[in-house]
2 protein chains.
Amino acid sequence: MRTLIEKATILTMDNGGRLYLDGHVLFDENGILAVGSGACSQDADIRVDGRQGILMPGMINVHSHIPMIPFRSMGDDCPDRLRRFLFPLELEAMTPDLVYAAARYAACELLLSGVTSILDMYYFEDQVARACEETGIRAWVGETVIGQETCDSKTPYGGLPLCEELIRKWQGHKRIHPLVAPHATNTSSPQMLKAAYDLSVKYQVPYTLHVSEMDYEMSYFKEQYGKTPIAFLHDLGVLGERTIAVHCIHATGPDIRLLADTGTKVAHCIGANTKAGKGICPALDMRKAGVGIGIGSDGPSSGNTMDLFTQFKMIASFQKTKYRDRSAFPAREIVELGTMGGARVLGAEDEIGSIEIGKQADLVLLETKSVNMFPLYNPYSAIVYSANASNVDSVWVQGRQLVRGGRLMEMDLQTERDRLWAEMKEFRNCADKYQDML
Amino acid sequence: MRTLIEKATILTMDNGGRLYLDGHVLFDENGILAVGSGACSQDADIRVDGRQGILMPGMINVHSHIPMIPFRSMGDDCPDRLRRFLFPLELEAMTPDLVYAAARYAACELLLSGVTSILDMYYFEDQVARACEETGIRAWVGETVIGQETCDSKTPYGGLPLCEELIRKWQGHKRIHPLVAPHATNTSSPQMLKAAYDLSVKYQVPYTLHVSEMDYEMSYFKEQYGKTPIAFLHDLGVLGERTIAVHCIHATGPDIRLLADTGTKVAHCIGANTKAGKGICPALDMRKAGVGIGIGSDGPSSGNTMDLFTQFKMIASFQKTKYRDRSAFPAREIVELGTMGGARVLGAEDEIGSIEIGKQADLVLLETKSVNMFPLYNPYSAIVYSANASNVDSVWVQGRQLVRGGRLMEMDLQTERDRLWAEMKEFRNCADKYQDML
């Protein structure tokens, strides 16, 4: 089935920065067949009138914990909530069924906001993979490896064998890509960080972990090893092309050079970092040094929503303010981070991230009829500074349309919500114990 | 006509912080008649099922230039654009008809996003007043007084007599309140700043101007007077209860004490300030010192959208990050800034800003069925961290319903847009000259 989208402004996000003002894109489930301006000379089975909207590559969210939907709006302003109630509540109340129901709900939310690829790291990750497989989103899924008991493993580091199981089960799938996800620099031993890295090398999959995020993490590494967490990871031999370092808020100048020299990628999560008052990642310095950067929303308990529009505005405002320069990170570069930037972080730049012949048809059509989208001189500016998730009209993943007119085509949101709410019964009972912290 | 809204979570934003989980509000065009939990014992002509949404006071935006809609998404990342092309383009192409059409369009946008009160300062301000009067929004309107030729006055300071005309024409109107609006500390002479203040005293109206916003403004006052702009305004005798100082990004500790001691109010415009890389207003210090603060979006060319949801997230993230404290400015305090805080800034705290018997029925109903609003443990958190303008379901101003189901009831958006686009013809021709800066 060939689909032709016409009469839209096409932001290709290709290397030449091509933009077609009255353009078209022709595609099927195997990939993009044509892109250009004006009418398309080839036949199509389905024709979509773009109604002067903006057609852009599907957005790529390179860091989240999507099954954490049940935690959203809980204790948002509470200090050190990770150790005070997120970890305990997770341990008590997270079940495979809850992870599955929450991941399905999250996939709905991601698709409705124009995110077509998500990197997730959590527990019972096979359930996340299953939910993403069913809902049609493209996903990178990693079982969390951590040195403490978790909801899916009584033994510390039980995530490591689970990770290998996950890889064996899903490797080779067209849309679902397994990876290895140790939790953080300071929550796994050096030996286990290395063992996890070796696993990622063995199966040729990405490796992702939280890095240089916490003040106490920074002090610990300074006191224990006399170096930064990034220098420590480098000396441990786990930086490199397959490594996606999440946050890197406190990366120093030498750290940035290490990231650049090793080809290590960064998942920039500005919304979650600043909502927690942790600081501002020096993303502009990283970009200048040639570090590959993508955008993560972090989990719905950290960043609340998982759309990239919220992150776009935050990146612009925080980077411009950090560097006292209005022209720093212009809108087009920010849209690039959310598309091709993310694709490069995932090592999937030949497959997704831009609208080019031969790439997968992961596409988002933004409507420009809503009140906030007028006038429109610069589509990149409109996306970064004016748009929000409600401007997403249609979404395709791998050529399959999943959202039309701002609504899911294959799922019913209320049904997903009811299922999740029912599955949350025990979770809600447990959460009541922590009411004083909310 | 009495309207009863039932089955909603009522955030009263009153001094006691009262919240009714399954509440009701009864009102008519003269004010709120009842508020409480459960069913209402009184009769009503119209009944509205709140569908477990959140009913909050109409949001109050205390700083904007709403007729600048034609500039939106133009040169967003361009340094010093104010003097390089905004001022020149304004001078060349702004007409009364364009201001009127743009203000009508802006009023639609504000209402659709739940803003029921707007403070505007611009040119041809009588046209703004007329547009706001017709569209049903509540507005404070100030003609800009500036020491240069403008689109509505060949003579510098021509705004001052226009301001007096505006006051005489609109004073006493129920919804439209005139005020005096000198442009900024450094764009009017001290004599004219004082003359404008005297005018505001004569007519007992508010006085607003941009203060401590620009680096070059700060240097100028230091070199010229050896003091900060705020100390300068204080010595000039123009700080006080009626003064609304906009931005105050670079306010010092002593400045903050001056603001607090004189009862001067602050319009905090975090989105516009940081998008321009100018810096972060020390709003938390101001709050601790007892300075009254409201939230401004600034004009659609500075902040792009005029909703407060975007500002809420930015205030949380920037203040928490500036002070490295996740618990700084919890969500409820931020919602307070956007409601009662704004009302106090405008000196209208007896009339608007909270849901209390006797106050005007300026109300916003947020739906909680959309994907981003679930689950919902804390309604303040949901408003600040999860919601966006598309969650606004219904809006009432002075008891009159203007938005229902996310749509305008008395206006047609496409008609307003077509009218504005037609009126922008000459503006667009002029804008072409500045293409290289966009």
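Tutor: Let us begin with how helix packing is described: axes are lines fitted to C-alpha atoms, for helices over the stretch in contact, and angles run from 0 to 180 degrees between N-to-C directions. Helices (H or I, at least four residues) and strands (E, at least two) are DSSP runs, numbered from the N terminus. With that, helix α7 (residues 229-236) of chain B and helix α8 (residues 253-262) of chain B pack at an angle of about 35°, and their axes are 9 Å apart.

Student: What kind of model is this, and how are the residues and chains labelled?

Tutor: This is a predicted model, in which local features need pLDDT of at least 70, side-chain atom pairs count only at pLDDT 80 or more, and totals for chains, interfaces and linings use all residues. Residues are numbered from 1 along each chain as its sequence is written, while chains are lettered from A and ligands numbered from 1 in the order in which they are written.

Student: What is the handedness of the crossing of α7(B) and α8(B), and which residues make the contact?

Tutor: The crossing is left-handed, a word used if the near helix is turned anticlockwise from the far one by less than a right angle (right-handed if clockwise). Two residues are in contact if their C-beta atoms, placed from the backbone, lie within 7 Å. Here α7(B) brings Ile230(B), Ala231(B) and His234(B), and α8(B) brings Asp255(B), Leu258(B), Leu259(B) and Thr262(B).

Student: How are those residues divided by class?

Tutor: Ala, Val, Leu, Ile, Met, Phe, Trp, Tyr, Cys and Pro count as nonpolar, Asp, Glu, Lys and Arg as charged, and the others, Gly among them, as polar. On that basis the contact of α7(B) with α8(B) has 4 nonpolar, 2 polar and 1 charged residues.

Student: Why are α2(A) and α14(A) called roughly antiparallel?

Tutor: Angles under 35 degrees count as roughly parallel, over 145 as roughly antiparallel, 65 to 115 as roughly perpendicular and the rest as oblique. Helix α2 (residues 96-112) of chain A and helix α14 (residues 413-423) of chain A pack at about 150°, with their axes 9 Å apart. Therefore α2(A) and α14(A) are roughly antiparallel to each other. Residues in this contact include Ala101(A) and Tyr105(A) of α2(A), and Arg417(A) and Leu420(A) of α14(A). By class there are 7 nonpolar, no polar and 6 charged residues.

Student: What makes α12(A) roughly perpendicular to α13(A)?

Tutor: Helix α12 (residues 331-345) of chain A packs with α13(A) at about 75°, their axes 8 Å apart. That angle makes α12(A) roughly perpendicular to α13(A). Among the contact residues are Ile334(A) and Val335(A) of α12(A), and Tyr380(A) and Ile383(A) of α13(A). The classes here are 7 nonpolar, 1 polar and 1 charged.

Student: How do you know that the two copies are related as by a two-fold rotation axis?

Tutor: Copies are superposed by least squares on the C-alpha atoms of residues with pLDDT of at least 70 in both. Chain A can be laid on chain B with an RMSD of 0.0 Å by a turn of 180° and a shift of 0.0 Å along the axis. The two copies are thus related as by a two-fold rotation axis. The same surface serves both, as 100% of the contact residues of chain A recur in chain B. Ser390(A) comes closest to the axis among the residues of chain A, at 3.1 Å (C-alpha).

Student: Into which domains is chain A divided?

Tutor: Using bounds from an automatic or database domain assignment, chain A has domain 1 (3-57 + 361-408) and domain 2 (59-345). Their C-alpha centres lie 28 Å apart. The contact takes 22 residues from domain 1 and 24 residues from domain 2.

Student: Where is the cis peptide bond in chain A?

Tutor: The cis bond joins Phe374(A) and Pro375(A), with omega about -10°. Pro375(A) lies in the loop between β14 (363-366) and α13 of chain A.
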